[in-house]
Every structure is written in C-alpha cells, then in structure tokens.
Amino acid sequence: MAKYTLKRFGMALLTLLVVASLTFLLMNSVPGSPWLSEKSPSQATINALNEKYGMDKPVIVQLGKYLENLAQGDMGVSLKMQKNRPVIDIIKEMFPVSASIGFFAVLWATLVGVTLGCLAAYHRGKWLDSLLRVVCTIGISMPTFVIATLLLATFAGSNQALRIFPTIFNANLGFNAYVLPCLALGLYPMCYTARQARSSMLDALGQDYIKTARAKGLRNPTIIFKHALRNALIPVITYLGPEIAFAFCGGFVVETVFSVPGLGRYFIQSILNRDYPVIMGTTIFLAAFIILMNFFVDLLYKTVDPRIDFTEGGN
Amino acid sequence: MSDKIKRAKFGSIQPDIENLLGLTPEDFAPATAEQKTDCFSERKSMSYWQDAWRRLKQNKVAMMALGVIFLYILFAFIGPKLVPYSYDGFIKGSENLYPWHYSLEDLAILDSVSGSGKERLTEALEKAENDKGSELNSIEIATIKATIKSSNLDTNEFKKENDIHLKLFGYSNAELQRIAEGEKVFPHVFGTDKYGRDIMVRLMIGTRVSMVIGICAALLVLIIGAVYGSISGFAGGMVDTVMMRFVELIYSLPEILVVLLLSTALKPALEAFQNSGDGALQKLVGLMGPNLISLFVAFGLLYWVTMARIIRGQILQLKEQEFVTAAKALGASSGRIIKSHLLPNCVGQIVVTTCLQIPEAIFLESFLSFLGVGVSAPMTSLGSMAADALNGVQTYGYRLVIPAVIISVMILSFNLFGDGLRDALDPRLKK
C-alpha cells in the first residue's frame, strides 16, 4: 500500500509538471500579447515591458524560471486584468466561491443519484425503473449550458411568480443564491451516478452472498443497506474523481451563466485577455486540485475494496 | 391455469416454476404441415454484420434514434441549400423578427387601435391639466400614461373580436408587401436575429458544425487510438509498459483545461498556416475553417487514450490465438498481422467506441462555443447561438430554447444509437 501510494504520488507530480510545461509552451505559441489593447503601445514600450517581466528571454529559460518560482509558491502577478496583483491572491479570493458551489453540487448529485439508482434497481422492470431510466438518459444528453440557461430562462423569465431564486449570484443571500447554480451543475453527475448505481446494485443483488443473507432470514432493508449497497457503492466511488473534476470545470459554464465571481469564469476571461500569469496560475492550481482529488479517490477505492490489486499486472 | 402468472417474491430463492413452464393447452396442439416444413428448412448462414443488423433492427429505440440522426443530416447538409438565405447575410429591414407575424390587413386594424390609444392619451392629459389648473409634473404624466396603457391592454379581447390571429413564420412588413404584390418570399421560419440574419439557416449551419466536429474528432480518435493501442498490445513487454505509462499520463491530465488551452492556441497557428501558402493542405484548412480544425484536433489529441486502452486489451487477448501463430509461421510481418488479422477482429468494439465518441465531441464543442472560445464569428454553432440568446432571454426566449433542444436531441439520439449498436455488436456487454 505504501509503495503504491508513493508511486501514485510520483505520477501525480509528473502529471502536474507536464501540465505546467504544456500550458507555458502553449501560451507562448499563441500570437498576440497582453500588451495589445485599444491603444497600441510603441515598440519601445513593448520591449521595456517584456524586459521588466522577463519575457525577452528564450522560452525555455522563462519556463525554468517560472517552475523555480512555482516551487517557492510564487505564481507571478497579473499583467492585465488586475494589474500587478499576485495571482495567488486572486486564486485565494475566487476559489472558495467555486469550491462551495462544486461541493454542494457533488453532494446532492451523489446522494440523490445513489438513492434513485437503488430505487430503480429495487423496482427493476416496473414503471418507476423505466421512468428513472428515461429521465437519466435525457439528463446525460443535456450539456450543462443547456440546463443552466433553461433554468435561467425559467426563473428570470417574464413570469413574476417564478422569480423565487436570484439568477445573479450574490453570496450574501445564503442558501437561495446557491440553489440554481448547484442544481445546474449537479444534474449531469446525478443522472450519471444514478445509472451507475442502478447497474452496480443489480449486479450486487444477483450475487451469492445476497442469497445467503436471505437464507439466513434477514429482512429486506438489512440486506439492501447493509450487504448490497456497500458493494454497489464501489463503482460509484470510482466516478467520484471525474465527478469532482467535472463539477469544478463544468463550473466554467455555470459561473458564466449565473455571474458567479468564481475561478472558472475568471479563467475564461483571462484566456480571452491573454493574461499569461493568470492563465498559468489558474491552470496549474485547478490541475493540481483535480489530480489530488483523483489521487485521494484512488486511495479511498483501495481502502474500501481491498480485493483490488494495483501491483504490476493487476488492472 | 389463470391468466396472471404468479411471480416469486422479490429475492426469493424458490424457483419460479409457473414462470419456468408457462405453457398453455394450445402449446400441446399437433403441428401443422407448414410448421413442420419450417422446422426442417435450413437456416441461412449469416455474416457478422447481417447478424448485428438483424439485432439492431429489433431494437426500436436505436432505430428511432437512427431515423432522427438521418433527419439531422438532411437538416444540416441539405437544408442550407434549400433556403435562399445565408448564415452570415444581413437582411436589411428584417431585424429581430419573431417566428410569427400578423397579416397586412390585421396590422392595419391594430395600427388604427394604437393610434386611437395615442389620441386617448392626449385627451386624458389635457383633461387632467384642466382639472388641476397647472402644468402636470412628470410623475403625474407617468401615472396617466400607465392607466391608459393598462386600459389599452384588453387588446387581446379586441383581437378576438376582430378575428386577428398570429400566423406562423416571420415576415417583415416589406416582405409582406412583396407577397401582396405577388412575389414569392421564403419565410423566416424561426425569425431573425438582431442583425437580420435568418435563424433557421444559422441553426442548420450550427448543427452542421457540431456534426462535422463530432464525426471528424471521432475518426481522429479512432485512427490514433487504433494505431497506438494495437502497436502497444502487439509489441508487449517493455514497449507496452512505456507506452501505457504515457497513456496513463494523458489520462490524468485535466482534459477540459487542456482542451480549452489547446483550442485557443491552435486556432491562430492554423490561421497563420492557412495564410502561409497555396498548397493542397492550406486549401483543406481554408475549406474547413481553422477554428473547426483546432477544435477537433484538440479533442482528438486528448481523447484517443480510451480507444487505445480498449484496443490494446482486445489485441492482448487475440494475439495468443492460433490464427496469429499460423500467420507468423507463414512469415507475415507484424504490420500485416495487425492490419489484416487482429484489427478486423476487434471491429465491433472499435465501431461502438467511435460511435459513442461522437456525442462526447459534440458536447465539448458546444461547451467551448458557449464560452466563446470555440467557433468564432461569423461562423456559428449551436453553443454560441445559445450564448448570444442569453442577453435577450426575457423577450426572445425561443432563441435560447430552439438551439438547446436541437443539441440535446442530437446528443440523445447519438447516445441511444451508440447503446443500441453496442448491444447489437457485442451482446455480452448488454446490461
């Protein structure tokens, strides 16, 4: 286990290094620069600015310098959007907003998804099962932006009675502000989880140990919640990693639609503005977060199901 | 025997005897001559594809999805040729048309009513001024205007009395005039946007963009994944380990972030390439548009790993079989064995994975276009149309709903068809 953890951790670090280098090289290959705005500066100004921010050196030297600074926790300063403000400060301000929305979305998606999946498996072949299957298939076919914009159109539309929830995010409103973004963000993972929970629950109910439990005379709820559910949850856990990643990246759309001052929206704006340090900083931060989450989920998976073999040859 | 078959209780370990037999007295009737000949006639042997097609045909949902996909292809590829408008042509005087209109006579009646409304307003204002004896302040004027307006709001009843109905499709007044003069004018089925561009044509082009990206990306994924996976699986040993490590690395990249970056970085590079010369490749880039290419290249570069893993797994199983040994003994090269012995044997898996890759690519394209980093103007896409519609969502809600529904139904039918295809080609995977 320790060896495996160490190996996975090394892999995570390597991935992060690749992401950082890739982003840096891509950013430098894009024509256009952060200095170009409505009034185009003179060549001398551009040269001076390039020199000041170390952008006159070869790309590889810049990359080395950047990685060195990154190792010391310095992500540089914003060049354009919030001039000279450290990127790390911007992330510190915006990430908690994104994280809280992502967290609540994943929470409701998993809870509701697992419950619905179990219900469907329990009522296999009956109308409830068919209904849930139709709903979930439609749910995973709707892009997040469709769900988000349709919610917005419904709740911000001309019908006054429907204006229950604010469509422009305002953290001071507490619970109400979170309803629409979390609903939009969680619908896709919810449907996906429900489908997965249904099939793994059916799988578990067909196993011999369920028959044994019945033969012992255990009651239905005990069998379902104590014996079947535990095993049915394992595939659901594998999906948790990508789900968290989705909730934070799908956040781009939801944050744009509901005007949430989160990291995702800021990231898109920084790409459009070519604010290199902000793009770099946000990418690396989000990538590190996602990679770390996947790492934890893998470890969790291994702890929950010790049968899984991660050593050489295992799959 | 009762009509209702008794089922065992949920989870019971008692065998389901009645269900097991499920016989009725008719089942014991002697067979007719026809049935006997049927029983002995030989069944034709079926090829793999015939068998799969037979199974697919039985799947009603998948066939319906296939029909919908076919309609979409007609809509996206034939449609723009039939409609006399272009996706980027501004039609002067037809800005912001609704997908419905009033006929000219009805408009004249409505105009006269709102004209009388104006007269009523001036009358009311004059009366109030006389009553008060001095000039009205702005608040009082606003109140009077509001009351007149609300009393005017029973226009719905007025419309009913005069038998005025909304008619389907959008026409501008000038176009209605031309129709009255006997000219034929193609209707704006879904109205026009704020620049006077026909929304239906834009939807057709947007659907085409989504489909082209979906199919090209899936093909790219297929090519890279098949080559990489088969080499890795066939070579085995150290080569396999190293190649799979690389796959693992790409697997753990946060894909959406990288696709976002790649597509923004590739677009200018491709544009520069397009302008660099006049060769065949440059022409191809020009034909498809740099932003389309950058989107599916970004997709293909990241999503081939799933395909590579699946094919590697298949090849690992297949390469131990006798026909490969026989091919080796006959002196076939590795490339030949992979190409003509191994890959044809995993074609079912390849087709299914490719087909399920299409909706995923469409998903991603619409996501990027919605955020404004995908297809760029004047080219359009369903995602960017939905994003444009967000600003006027209260007045022009249908502009948001139509592209949203089109894209959702498209992804849904690709998903359902892919599922059906999987069941037909590989019945073991059926859940």
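Analyst: Let us start with how a packing angle is defined: an axis is a line fitted to C-alpha atoms, for helices over the stretch in contact, and angles run from 0 to 180 degrees between N-to-C directions. Helices (H or I, at least four residues) and strands (E, at least two) are DSSP runs, numbered from the N terminus. What you see is a predicted model, in which local features need pLDDT of at least 70 and side-chain atom pairs count only at pLDDT 80 or more, while totals for chains, interfaces and linings use all residues. Residues are numbered from 1 along each chain as its sequence is written, and chains are lettered from A and ligands numbered from 1 in the order in which they are written.

The part I have picked is helix 9 of chain B with its partners. Two packed helices are described by the angle between their axes and the distance between the axes. Helix 9, residues 199-235 of chain B, packs on helix 13 of chain B, residues 290-318, at about 40° and with 5 Å between the axes. That angle makes helix 9 of chain B oblique to helix 13 of chain B; angles under 35 degrees count as roughly parallel, over 145 as roughly antiparallel, 65 to 115 as roughly perpendicular, and the rest as oblique. The contact of these two helices of chain B has 23 nonpolar, six polar and two charged residues. For these classes, Ala, Val, Leu, Ile, Met, Phe, Trp, Tyr, Cys and Pro are nonpolar, Asp, Glu, Lys and Arg are charged, and the others, Gly among them, are polar.

On the helix 9 side, the residues in contact include B:Ser210, B:Gly214, B:Ala218 and B:Leu222, and on the helix 16 side they include B:Ile350, B:Gln357, B:Ile362 and B:Glu365. Two residues are in contact if their C-beta atoms, placed from the backbone, lie within 7 Å. By class, this contact has twelve nonpolar, five polar and one charged residues.

Now to helix 16 of chain B itself. Its 25 residues reach 36 Å from first C-alpha to last, close to the 36 Å expected at 1.5 Å a residue; the expected span is 1.5 Å times one less than the number of residues. Helix 16 of chain B is mostly covered, with 18 of its 25 residues buried. A residue is buried if 20 or more other C-beta atoms, placed from the backbone, lie within 10 Å of its own, exposed if 12 or fewer, and partly exposed in between. After helix 16 of chain B comes B:Gly372, with a positive phi near 90°.

B:Cys346 is buried, because 22 other C-beta atoms lie within 10 Å. Leaving out residues up to four places away in sequence, B:Cys346 touches B:Ile311 and B:Gln314. Its C-alpha atom is separated by 12 Å from that of B:Lys319, 27 residues apart along the chain.

Helix 16 of chain B also takes us to the other chain. In all, 38 residues of chain B are in contact with 43 residues of chain A. Helices 10 (237-251), 11 (255-276), 16 (347-371), 17 (382-389) and 18 (397-425) of chain B each supply at least two residues of that side. Helix 11 of chain B gives the largest share, ten residues. The side of chain B that touches chain A has 26 nonpolar, ten polar and two charged residues.

Finally, here are the chains around this part. Chain B has 18 helices and two strands, and 33% of its 431 residues are buried. Chain A has twelve helices and zero strands, with 37% of its 315 residues counted as buried.
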